[in-house]
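Me: I have a structure to go through with you. Take a look and I'll ask as we go.

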Amino acid sequence: SGKGSAKVLASFADNANCYLTATAGSIDDAIVAGDYITGMKGASAISGGLADVEMQRPFVTDGL
């Protein structure tokens with residue numbers, strides 16, 4: 001739980017919901033059925049391909 005950095009795709013927006021992507025090791029804010037990361041939200045703009053995220057026991061689910 002807390003704040004950390006994550007590798008994000010170019011279109012990732014600050015304060016966005018997070019989803020897994022087809023790009024290994026990266027997340028994005030584009031809605032992908034079955035790949036919603038519950039408990040994770042964007043917390044900054046992109047800088048050098050990374051963005052801060054806030055996490056509270058994140059896990060992947062279909063929900064949103």
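Me: Which strand does Cys 18 lie in?
Reply: Cys 18 lies in strand 2. Strands here are DSSP runs of E, at least two residues, numbered from the N terminus. This is a predicted model, where local features need pLDDT of at least 70 and side-chain atom pairs count only at pLDDT 80 or more, while totals for chains, interfaces and linings use all residues. Residues are numbered from 1 along each chain as its sequence is written, and side-chain values use heavy atoms, with hydrogens and water left out.

Me: Is Cys 18 buried or exposed?
Reply: Cys 18 is buried, at a relative accessible area of 0%. Buried means under 20% relative accessible area, exposed over 50%, partly exposed in between, with a 1.4 Å probe and protein chains only.

Me: What does Cys 18 touch?
Reply: Not counting residues up to four places away in sequence, its contacts (heavy atoms within 4.5 Å) include Phe 12, Ile 27, Ile 37, Met 40 and Val 53. The C-alpha atom of Cys 18 is also 7.9 Å from that of Thr 38, 20 residues apart along the chain.

Me: Which residues make up the largest nonpolar core?
Reply: There are ten: Ala 6, Val 8, Phe 12, Ala 16, Cys 18, Ile 27, Ile 37, Met 40, Ala 51 and Val 53. A nonpolar core is a set of buried Ala, Val, Leu, Ile, Met, Phe, Trp, Tyr and Cys residues joined through side-chain atoms within 4.5 Å.

Me: Which elements give two or more residues to this core?
Reply: Strand 4 (36-42) and strand 5 (50-61).

Me: How many bridges join strand 4 to strand 5?
Reply: Six, and the two run antiparallel.

Me: Last one: where is Ser 26 found?
Reply: Ser 26 is in the loop between strand 2 and strand 3. Ser 26 counts as buried because its relative accessible area is 5%.

Notes
Helices (H or I, at least four residues) and strands (E, at least two) are DSSP runs, numbered from the N terminus. Two strands pair if DSSP finds at least two bridges between them.
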